[in-house]
Amino acid sequence: MKNSEGFSWPETVLSMSIIFIITTTILPFLNYMVVHLEDKKREYHSSLVMYEVSKMYTVENMKTGGMQVNKIMYSYEISSESICIDYDGMQEKKHKCVSLIK
């Protein structure tokens with residue numbers, strides 16, 4: 001209870017404990033969400049690179065190379081059967097392949 005001198009010691013300890021518990025449960029979840037969102041963004045950029053590479057392949061017949069998007073290097077390789085993209089994920093290297101339709 002608040003009196004003329006302020007809050008009591010047990011009330012202060014209880015409120016600080018509740019704030020600590022809430023903070024320690026939310027911060028790991030927030031970190032997971034940030035990492036997951038960045039991975040999804042890089043996966044989206046890899047799809048854009050794959051689309052641009054397929055256009056370049058039809059015009060210039062380039063089979064290997066790399067593109068940089070937001071300081072992330074996306075390396076590509078085109079075989080007779082598929083287009084493959086390699087890039088750095090947040091926690092590991094990622095490899096994405098799509099088969100070619102002829």
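Student: Which residue in β3 is the bridge partner of Y76?

Tutor: Strands of a sheet pair through backbone hydrogen bonds, either parallel or antiparallel. In this predicted model, the bridge partner of Y76 in β3 is I85. Strand β2, residues 72-78, and strand β3, residues 82-88, run antiparallel and are joined by 4 bridges.

Student: In what order do the strands of the sheet lie?

Tutor: The open sheet is formed by 4 strands in the order β1-β2-β3-β4, with antiparallel pairing. At its edges are β1 (64-69) and β4 (93-99), each of which pairs on one side only. On average, and with direction ignored, neighbouring strands of this sheet are turned by 20 degrees against each other.

Student: What packs on the sheet?

Tutor: Helix α1, residues 9-60, packs on the sheet and touches β1, β2, β3 and β4, while its direction makes about 140 degrees with that of β3.

Student: How many aromatic pairs does the structure hold?

Tutor: A pair of aromatic rings is described by the distance of the centres and the angle of the planes. The structure holds 1 aromatic pair: the ring centres of Y74 and Y87 are 5.2 Å apart and the planes stand at 40 degrees, so the pair is tilted. Because Y74 lies in strand β2 and Y87 in strand β3, the pair ties together parts that are 13 residues apart in sequence. Both Y74 and Y87 are buried.

Note on methods: Residues numbered from 1 in each chain as written. Predicted model: local features only at pLDDT ≥ 70, side-chain atom pairs only at ≥ 80, totals over all residues. Heavy atoms only, no water. Pairing = 2+ DSSP bridges. Helix = DSSP H or I, 4+ residues; strand = E, 2+ residues; numbered from the N terminus. Axes fitted to C-alpha atoms, helices over the stretch in contact; angles between N-to-C directions. Contact = heavy atoms within 4.5 Å. Phe/Tyr/Trp six-rings, centres within 6.5 Å; stacked < 30°, edge-to-face > 60°. Buried < 20%, exposed > 50% of the residue type's maximum accessible area, 1.4 Å probe, protein only.
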